[in-house]
Amino acid sequence: AVIEHSWRRCLDKGMDPRQVVEFDLVSRAQMRRIQEANHGLLQTAAPLLEQLGRAIANTRFFALLTDAKGVVIATSGSIDATDVRAERIARVGADLSESAIGTSAISTALDARRPVWLHRGEHFFEMNAAYSCAGAPVMGPDGQCLGMVDVTGIDTHERPELRHLVLQTAQRMESALLLARPHALLLRLNWPGAVLGADGDGLVGLDSDGCITATNEVARQMLPLLAGNHQPSRYISDVL
């Protein structure tokens, strides 16, 4: 459904699946502003993006990190510099938003706020049909979408299972962002029978008065009263 909605938005904007996509870069001034605005995300996510790049080194996929609007802010993995199709998208500053390149795993993950696998022919523009990609949003400790992590392959075997690896990486980024925020107490949540301490833990940061200062996406899913609360300011006793 999210792919269909994306296609409809592209058609409503007057896009033609047969037209040529330019893969433009944002201006240098705009890129500086984007890097400044995403300094915390870049600093926290960099080692995890590198781990993802190493994990997929033998799959002919590479990894991208974008901001919340779909502009590439970091890359990792084996990127074939001789392939213009890779060079187009694996560049810091490349605008991979829906309005720029149509339907992709990047635009659909940012829109749906959930992991997405996009098969080649599901891209809106025909010239993008060589790409296979998986994407997952990265949500901040206040519930706002900060960006997304993506893995892309070009004319290679499709690997839908990589969506789970991308989700795991996004969850690790979310947890690292939360842990970097000052807190007096960290509450870990999980379902009965599950082992605490894994990447799938729900995390809630509390101040010394028991007020919620930060949550990760897993915690917001486990505690419905936290859903949609972009600026946590309530007490933990109100949601448990």
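Met-127 sits in the loop that joins strand 3 (116-118) to strand 4. The model is predicted: local features need pLDDT of at least 70, side-chain atom pairs count only at pLDDT 80 or more, and totals for chains, interfaces and linings use all residues. Residues are numbered from 1 along each chain as its sequence is written, and side-chain values use heavy atoms, with hydrogens and water left out. Helices (H or I, at least four residues) and strands (E, at least two) are DSSP runs, numbered from the N terminus.

**Met-127**
- Met-127 is partly exposed at a relative accessible area of 27% (buried means under 20%, exposed over 50%, partly exposed in between, with a 1.4 Å probe and protein chains only).
- Setting aside neighbours within four places in sequence, Met-127 is in contact with Gln-19, Val-20, Val-21, Phe-23 and Arg-88 (contact means heavy atoms within 4.5 Å).
- Between Met-127 and Ile-34 there are 93 residues in sequence and 28 Å in space, C-alpha to C-alpha.

- Helix 3 (residues 39-55) has 17 residues and reaches 24 Å from its first C-alpha to its last, close to the expected 24 Å (1.5 Å times one less than the number of residues).
- At Ala-45, helix 3 bends by about 45°, and Pro-47 follows within four residues (the bend is the angle between axes fitted to the seven residues ending there and the seven starting there).
- The buried residues of helix 3 include Leu-41, Leu-42, Thr-44, Ala-45, Leu-48, Leu-49, Leu-52 and Gly-53.
- Among the elements that cover these residues are helix 2 (28-37), strand 1 (61-67), strand 5 (145-154) and helix 7 (162-179).
- Thr-169 is found in helix 7 and is buried, with a relative accessible area of 6%.
- Not counting residues up to four places away in sequence, Thr-169 touches Leu-48, Leu-52 and Val-149.

**Helix 1 and helix 6**
- The axes of helix 1 (residues 2-12) and helix 6 (residues 105-112) come within 10 Å and cross at roughly 110° (axes are lines fitted to C-alpha atoms over the stretch in contact, and angles run from 0 to 180 degrees between N-to-C directions).
- Helix 1 is therefore roughly perpendicular to helix 6 (65 to 115 degrees).
- Val-2, Ile-3, Ser-6 and Arg-9 of helix 1 meet Ser-107, Thr-108, Asp-111 and Ala-112 of helix 6.

**Gln-221**
- Gln-221 lies in helix 8 (residues 217-222) and counts as exposed at 56% relative accessibility.
- Gln-221 and Pro-17 are 204 residues apart in sequence and 36 Å apart in space, C-alpha to C-alpha.

Notes
Angles under 35 degrees count as roughly parallel, over 145 as roughly antiparallel, 65 to 115 as roughly perpendicular and the rest as oblique.
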